[in-house]
Each structure stands twice: as structure tokens, then as C-alpha cells.
Amino acid sequence: MSIGCLAAVVLLLSLLHLQIAPADAGDDAAALLGFKHASVAVDQRGVLVGWVNDTSSSSPCTWTGISCADGLRQGCLFRNLKKNLSGMSLAGRLSLDSLLELPPRLKSLDLSNNRFYGNLSASDHTLFRPCVLEDMDLSSNSLDGTLPSAFLASCGALEFLNISRNSLTAVGFPFPPSLRTFDLSNNQLSDAGLLNYTFTSCGHSVQYLDLSANQFAGGIPATAIAPCSKLAVLDLSSNLLSGALPADLVAAAPATMTHLSIARNNLSGDISAYEFGVRLNLAGNRFSGEIPDSLSLLCDTLVELDLSSNQLIGSLPTNFTECVSLKLLDLGSNQLSGDFVATIISGGMPKSPLHGSNLLDGDIMPDLCLSLSLPMLRKLILPNNYLSGRIPPSLSHCANLQVIDLSFNLLVGPIPAQVLQLPKLVDLVLCANSLSGEIPDMLCSNGTALETLVMSYNNFTGSIPPSIIRCVNLNWLSLASNQLTGSVPLGFSNLQKLGILQLYKNSLSGFIPEEELGRCNNLICLDLNSNYFTGTIPPQFVARGAISGKRFAFLRNEGGNICPGAGLLFEFLDIRPQRLAESQAAKFCPSARIYVGTTAYLFRSNGSMVFLDLSYNGLTGTIPASLGSMLYLHELNLGHNDLTGAIPDAFSGLKSIGALDLSHNHLNGTIPPGIGALSFLADFDVSNNNLT
């Protein structure tokens, strides 16, 4: 290949991207090899094995991972060839000196999504030659130190700079005036001078500025974005900013701005004092007051509005019914009140989704989804309010609904069978209401998308509907604390993805179906306490699959055996812990503690159940020794049954056990000595037995 045919070279290494202008190929090869030897200590997949100084062909276009861009002259061997080697996990110490050794005509440098580490701070003797870089991406590595101002100033043509997701503590300034996109998010930046300079010097070029997830503190500069005439996106979220918003912060925003986020800071003040003219995310602060009417001025272009997790009062202004373009409205975790659902949804908005955990009251519109055009409504999330009345059957006409969460309200009456037939329904959460009647035997009759069915703490009667076994994608089923009777339906072994099964505090009877539940290989939580189950304990439960990512609240019983059960596990979305603490569920025990988190497996294969509560039933026989092989079991409660025999010596193998209750049975013999060596065991109760 002749030197003249080389118009540009592109190197892709886990998004390691080098684009160079026409140059001497030998010099380029030497520079790239210098970078390899200086900065790449680990090449796990052998991506750079072919990088050698081959005298027969000195052009780097012949190396693996190299492609020649468009514009090559006739005779070039590689034309428009590109290789994306993303995720190759290159690692090594990256210094600014090694970057400076790259080809001097380098236009594009992308080292993102690797495992490079090191301090980018320049030494005192570093000389910065002029660079022609236009794009530079060092994001998602482990770089620290300071990116020097002299280096940035030397790159007068730089338009794109992304150094997010590192551990940088400082970035020098000034920046080149050509800069268009600047992403400093997810570092450890805290310099107030940098924050002020970034705003005052963004000038007529910067269009995208992301300073989120750093450690900037104090107030937002009063003249923050006034000089930024072309700014479209500004993200200051997840910092330590405090105080009130500057009065003209949003009013002075340029006409080009489409997104402003100051979520998850410590900002405060009366929100009604501000004039808003852009799309805004104020979530997770301490703003108070009523939602201002000026927000409705955005209705022509407003797509998403997030004011959640503040201290707002009152209701959403009624002129928001004109916001026909709104797709997401999140007002959750405030103190809003009024007949919100009837007032707002009657205007035909939003299309998708609707969130609100507040003090909302009133009925859900009976003709919702019938008289209104809501074809795109996918999520109806209104937990933790004071909504009353019945669940409207018209919800079945919102055919794209995937999530319905009306938990912790004051709803009454039966569940409309039509709602259970929604074809795309994934999550149905109706716990902690006063719903009644039998659960319609229509589950998964129009599709099997259902994954979460939580109807605990209501007044349902009748039996568990046999149609439940059609819901083959179900992973969380809770029908606890109702008035259900009968036995567990045959066919539960069909539910191979079932991870959490809660049937406690009902009047269920019969044997615990060993063959059925024993084959549910994902089952990590089984709570059948306070029923009328008889027979023996199934000998083995093994979990091999995974159920992760579900948010939950666990009310742990800390009152000992005076309270039934080891604790209660709740699906937990937008429920304030204060409201949960006041609920009937939290009053099951005079001493209980609330934990919140996200479900995640502790094992990848050959695991075990994590939570098993069979207390307050009529179980007989001996305790199966096989339960002692459940290495990941945290809570085991077999108390208040009619169990006999000895405590199995195999219980010494419960290495993760934190609470073990075998009280109020007819056990005899001695306590196995190995139980005393269980380092995580905090609660142990074997009272009211015949132990010696």
C-alpha cells in the first residue's frame, strides 16, 4: 500500500477509536506501537497480538482492529472496513505522556469502556504540542488526578469531550472555544471555580453540558446559563447543591434549551415563585409550595415532567389538562392533595406513564380509558394515596397497560375480571386496600406477560384461582392476609420462574404440595405462616435461577415468638416508609423494623431458599435434615406447629442463617453444638419444647 492512499486510519478497541489525517504510515505505526507498550498491560482477548512492526507492510491498516476510512486513493487494500471490538477489557496505566506519543495528526481519540487507570495530571516539564483532536472520549475508565488546562487549550479544534465515569478530582480551564459537547459526569469534581467558569464561558458553542453525579456544593451561580446562547441540555443532578434557585435561572434559559435537570440535590424554596420556560426535572430536592401555573405554558412541547420526592402541596393546576403531548408525569412522594385523578386525567393526559404517591383522594374515573383517548398509557402508578371507590372496569380498554399499581389506597369492591385479561399486563399491585369478593378465575387468559401479582392485605374470599398456573412468567405472587380458603392448586410446578410466594395469614389447608413447590427451582422466598396446613415439611427446596431487580420492603419481626412469622416482604414502589409504618401490615408486631432494598441473588447456580416461614400451622413429623443444606437461608421459622423429634445436626450447616425459630413444638433431645458456631445467627428461639 502506498503512503499516498492513506487518508485516515481508525482503530476500534472496545471503543478505542483513533482517526488520523494523511501521514507517513511508518511514523503512525511506531506511534501506535509506543502507545501499546506504554499503556496496555492487559490484553485479555489478544486484540493487539497482530500489532507488530512488520517490515513487509508498515501500514497500520493491516493490523487487526484497524480500518481505513473513506476517501482513499485507488489501490488501497482496505476501503471502509471497520471492526467493532467493544468489550475487550483492555487495561493498563494511562498517562498523559503516553497520549501525547500518539500520532500528531490524531483527530479522534476514543478509549472509553476499558479498564485504563492512572493520574492524568501533567508533570511540570510536559510540553504540549498543538493537537488537531476534534473528538476525545476517555469515559468509563478509572482515571484520576487533574486533566490539565494546558493540554485542553492546545486542542483548538476540540468539539466533543467526554471524561465521564472516572475518578477525576479536577479539570483545568480555560476550554477551547470550539467545544460543543462536554460531559464531566460521574467523577469527584468539587471545584466551585470550575462550576462558575463552565457557566460563564460556555459562550456561543456549548450545546450539551453534563456535570451530574459529582460533589459540587453551595449555590447555583446567579448568572448560570445566561451566556450559553446555544445550550440545549444542562444536567446538574446528583450533586450537593443547596439554597434557592436563582430567580432568573430558568427564565433566562436560551430558546434552544430542551432539558434542564437539577434533580437529587438539596435545593429548596417555594416552587411557585419561579417562572419556568423549559422542560425541567426537579425531583429529589426540598422544594415546597404549590405547582405554579407557569408550568402549563410548556404544554405545547412538554413530554416529561418530574417533580417527585419534594415537599409540594396543593394540586396540579387544572390547565394541565391541555398538555396532550405529556408522556410521563411523576409527582410521587409529595404532599399533593385533591381529586387528582378526575381533575387531571379528564383532560386526556398523560399518554404514558402516570405516577403519583401523595395525599390524593377521590374516585378513579369510572369511564377512564373508555371516554378518553389513552391508547399509549402503559403505566398507571398511584400507590400511597387515599383513592377510594372501585377499580373501574374501563381500565381494560387501555390495551397497552403494562403496570397497574394502586396499592396503599382505600379502594373497595371486587377486581373486574376484564382488568385481569389485559394482554400486556406485567405488574398488578393492589395490596393494602379493602378489596373484596373472589379473585376471578381469568388470570393469564389473554396472554402470559404477568410477572408480578401482589394482592395482599385485602378482604378477598374464596380459593386461589386455578388459572394461576397459566401465568408461566410469574415471579412474585402475594395473596397474603386475606380470607382465602381451600388448598394450593395443582400445577404450581408450571411456574418455573416463581421466586417469591406469599400466602400467609389466610385460612388455607391441606398438605404443602412437595411435588409442586419442590420443582419451582427459582423459589427463594416461601411464606405460608398462619394458615391451617397439615402433614409433613417437604424435604428440599433448591433455587437455581434468578429473580433480581425487584424493589421491596421487609418488615422484620423483632418481638420474638409473641408475633406470628419472621417478618413481611412487600413489593415496594413509591411507598413512603412513613406510610408503610402506619399501615395495618406494620402493626402485626409491637416491635418491627423496616428494611428497603432491591432483590438480588447471592448465587448463580445450585443455590437455596433465602426465606422460609411455615410457622403457625398444624405441621407434624420431624424436621427434614436436608433443610440444613440450604446454604443461603437467612430466615427459617417453623415455630408454633406440632413437630417432633430432634433438631437435626445438619442445621450446623446453615452458614447464612440470621433468624431461627423452632419454638412451640414438641422437639426433644439436645441443641446441636454446631449451632453455636453460626456466626450470623442473631435470633434463636427453641422455647416451649421438650429439649434437654
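The following paragraphs lead through the predicted model, from its overall composition to selected local features.

In this predicted model, local features require pLDDT of at least 70 and side-chain atom pairs count only at pLDDT 80 or more, while totals for chains, interfaces and linings use all residues. Residues are numbered from 1 along each chain as its sequence is written, and side-chain values use heavy atoms, with hydrogens and water left out.

The protein chain contains eight helices and 51 strands; these elements are DSSP runs numbered from the N terminus, with helices being H or I of at least four residues and strands being E of at least two. Of its 692 residues, 55% count as buried, where buried means under 20% relative accessible area, exposed over 50%, and partly exposed in between (1.4 Å probe, protein chains only). The protein chain exposes about 27000 Å², of which carbon and sulfur atoms supply 52%; accessible areas come from the Shrake-Rupley method with a 1.4 Å probe, and for residues only the protein chains shown count as cover. Among contacts with a separation of 6 or more, 63% involve residues 24 or more positions apart, a contact being heavy atoms within 4.5 Å.

Several strands pair in the parallel sense. Two strands pair if DSSP finds at least two bridges between them. Strand 7 (residues 115-119) is paired with strand 9 (residues 142-147) through three parallel bridges, and Gly118 has Leu143 in strand 9 as its bridge partner. Strand 9 also pairs with strand 11, again in the parallel sense, over four bridges; here Asp144 stands opposite Ser167 in strand 11.

Within helix 4 (residues 192-200), the residues Leu194, Leu195, Tyr197, Thr198 and Phe199 are buried. At the start of helix 4, a side-chain oxygen of Asp191 comes to within 3.0 Å of the backbone nitrogen of Gly193. This is a polar contact, defined as a pair of N or O atoms within 3.5 Å; within protein, one must be able to donate a hydrogen and the other to accept it, and residues adjacent in sequence count only if both atoms are side-chain atoms.

Which residues touch the most other members of the largest nonpolar core? In this core of 73 residues, they are Met455 and Phe651. A nonpolar core is a set of buried Ala, Val, Leu, Ile, Met, Phe, Trp, Tyr and Cys residues joined through side-chain atoms within 4.5 Å. Not counting residues up to four places away in sequence, Phe651 touches Ile623, Pro624, Leu627, Gly628, Leu636, Leu660, Leu662, Ile675 and Leu678. A second, separate core of 62 residues includes Phe35, Leu109, Val171 and Leu195.

The structure holds one disulfide, the term denoting a pair of cysteine sulfur atoms within 2.5 Å. Cys444 and Cys471 form it, with their sulfur atoms 2.1 Å apart. The torsion about the S-S bond is about 120°, so the disulfide is right-handed. Because Cys444 lies in the loop between strand 32 (434-438) and strand 33 (452-454), and Cys471 in the loop between strand 34 (459-461) and strand 35 (476-478), the pair ties together parts that are 27 residues apart in sequence. Both Cys444 and Cys471 are buried. Cys431 is likewise buried, at 0% relative accessibility, and Cys525 is buried at 4%.

Asn433 is located in the loop between strand 31 (427-429) and strand 32. Asn433 is buried, its relative accessible area being 8%, and its side chain reaches the backbone oxygen of Leu406 at 3.1 Å. Leaving aside neighbours within four places in sequence, the contacts of Asn433 include Ser407, Phe408, Tyr457 and Asn458.

Most residues other than glycine have a negative phi. Ala213, however, has a positive phi near 55° and is found in the loop between strand 13 (208-210) and strand 14 (217-218). Lys505 also has a positive phi, of about 55°, and lies in the loop between strand 37 (500-502) and strand 38 (507-511). Ala213 is partly exposed, with a relative accessible area of 22%; Lys505 counts as partly exposed at 22% relative accessibility.

Finally, an open sheet of three strands has the order 47-49-51 with parallel pairing. Its edge strands, each pairing on one side only, are strand 47 (644-646) and strand 51 (690-691). Strand 47 is joined to strand 49 (residues 666-669) by three bridges, and Gly645 has Leu667 in strand 49 as its bridge partner.
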